[in-house]
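Thanks for coming. I will go through one protein today, beginning with the spaces inside it and ending with two single residues. Please have a look at the structure first.

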Amino acid sequence: MADPDHKASDAPRAVWLAGLAIVGVSLFAGLVGAMFGRGPWYDEFYTIYVTRPEFSFFEALRHHWLPDNHPPLFYGLSWMTKGLGGDVEPRRLVNLLILAIAVTELCVLGKRHARWREVLALFFLALASSQIAILTGAELRSNFLAYISAAIAVAGLALLAGPEAPRPSWRNGAGLAVILAIAFNVHFAATVLTGTVGAAFGLRLMIARDWSKLGWLGAVGLAAALPLIVTLAIQLGNIEANTRSFWIEGGLDNARWAFEREILSILAANLPLTVAGLAGLVLLARSSWADRKLDPKLDLVLTLGAGCALGIAALTALHLWRPIVINRYLVALSAPAFFILATGTSALLGRLGRTSKAVVIALVAIAALVAIAANGRTARDLASWDGTARAIGEQVRACKGARVHVDMSWNKSTLALPPGDARKVVPMAYRDMAKRHGFALEPQGSRVMAEDCPTIFWTEHFASDQPDSQELAASLKARGYAIGDAQLRRIGAGWLFLSTPRK
């Protein structure tokens, strides 16, 4: 890992290569295990529905993707994997393609900017350590793409528009524009966070009066933003209407707690990297103070920090207008934070001897491996529709005469969500999970009760305060069901309400 500014190249090459290779393979294996070990949840059924094979690309784009609250890029990628079938798990493999492209881009950046290889390697280890990597990589939603694209965008900005960037070129500008365009068109919360980081680089150039590079970066940013501008021109009215009554809780306190949790999660992702990074930042600050000159790496760190602060402020302001801040929408915040810690760790390594460097690198890699294993277990244990559906399948196999009714009366808030696809997604999800676990559903409107076996009333995806057994019985009796002796089983975000005939 060559770096002409310090002796980081003294770090044993074998330690770097072994650490990166083992972590990379472990991340791949952890993702695949979590993809096929985690059960599906509602938002993934939504993705499956709006990317169904029977929808042509333009039909899906016009009637399902653009009316939604997210840019259509991820839906387009998912639509291209429709040949993998209608089950959620194999369709999640699209995230492996996203990961492969991202790793390739990091390698390209490292090859062209040798002095940054060490920082990029540490950056990769940090990204792999985060719970976000496995949890979002093991779901068929856009959050993994938002996480990865923000990371590549931050790396591109740091290397091509940062304090030690080469002279502007249109070749680099075109590449950076493509990277930013992807990051801008995944999720609007990620758009804000990535956009404010880019704006911080522009402000830095303005303060430095580097007008030629500022003009270059402005042109790159404008080119990258054009697809977003077109998308927003089409979607903004729908988004504004769709979020007037929204499921995310508003208020300043909710936003503050979400940001606090996210920052603590970032710091806890890889503790050796965090400790080394903070120590390195202190060393950079001390040397800058002693030299009365801002170190370029500290300059970069301050720029990234300013971008984070601008992003938090912008999202908080948007949240007070329309609720948008929840933790799974803040995945892009990790990218600049991890790059800051990687830069600090690299600064520390430059002041250590060969053996000490190898120890620090090994500790960071080992922490990444431990995190990947733990995060994989967490992902596989997450509540999903498999929990209730599996339990129903076991009940039906134990008593063949059992009847299963879907009780969607508790899904009214989900069914009412705009733009309207939810009204078809929810019934589809119940049907698909019943088929997967081998039991039949009673037709909607049926009041048939089992004679010698339990009658099972099934509700999934109900995140609010859940009703008790008496409330459920009263609701079902009011709708004409002859409820007998009842038992309530809560599983994840759903439940089974079993009624057996009174003797």
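Start at the largest cavity: helix H6 (94-112), helix H7 (117-129) and helix H9 (143-161) each give at least two residues to its lining. Before going on, a word on the source: this is a predicted model, in which local features need pLDDT of at least 70, side-chain atom pairs count only at pLDDT 80 or more, and totals for chains, interfaces and linings use all residues. Residues are numbered from 1 along each chain as its sequence is written, and side-chain values use heavy atoms, with hydrogens and water left out.

Some terms. Helices (H or I, at least four residues) and strands (E, at least two) are DSSP runs, numbered from the N terminus. A cavity is a set of points, on a 1 Å grid over the protein atoms alone, where a 1.4 Å probe fits but cannot get out, and lining residues have an atom within 4 Å of a point. Grid points are joined across faces, edges and corners, and a volume is the space filled by probe spheres set on the points.

How many cavities of 30 Å³ or more does a search of the whole structure find? It finds 3. The largest has a volume of about 100 Å³. Its lining has 13 residues, and Leu 27, Leu 99, Phe 124, Leu 127 and Ile 148 are the closest to its centre. By class, the lining is 13 nonpolar, no polar and no charged residues. Here Ala, Val, Leu, Ile, Met, Phe, Trp, Tyr, Cys and Pro count as nonpolar, Asp, Glu, Lys and Arg as charged, and the others, Gly among them, as polar.

The second largest cavity holds about 60 Å³. Its lining divides into 2 nonpolar, 4 polar and 3 charged residues. Among them are Trp 41, Asp 43, His 70, Arg 141 and Arg 328.

Asp 43 also belongs to the buried residues of helix H2. Is H2, residues 42-50, enclosed or open? It is largely enclosed by the rest of the structure, because 9 of its 9 residues are buried; buried means under 20% relative accessible area, exposed over 50%, and partly exposed in between, with a 1.4 Å probe and protein chains only. These residues pack against helices including H3 (57-65), H4 (73-80) and H20 (422-437), where contact means heavy atoms within 4.5 Å.

Now the whole protein. It has 21 helices and 4 strands, and its C-alpha trace spans about 90 × 50 × 45 Å along the principal axes. Of its 503 residues, 55% are buried. Among contacts with a separation of 6 or more, 80% are between residues 24 or more positions apart.

Asn 375 lies in helix H17 (residues 354-380) and is buried, at a relative accessible area of 8%. Leaving aside neighbours within four places in sequence, Asn 375 is in contact with Ser 129, Ser 130, Gln 131, Ile 134 and Leu 135.

Met 449 sits in the loop between H20 and strand S2 (455-459). Met 449 counts as buried, at 18% relative accessibility. Beyond its neighbours within four places in sequence, Met 449 has contacts that include Arg 403, Phe 457, Tyr 481 and Ser 499. The C-alpha atoms of Met 449 and Leu 488, 39 residues apart along the chain, are separated by 17 Å.

Definitions and conventions:
On a 1 Å grid over the protein atoms alone, a cavity is a set of points where a 1.4 Å probe fits but cannot get out, and a pocket is an open set with protein on both sides within 12 Å along at least five of seven lines; lining residues have an atom within 4 Å of a point.
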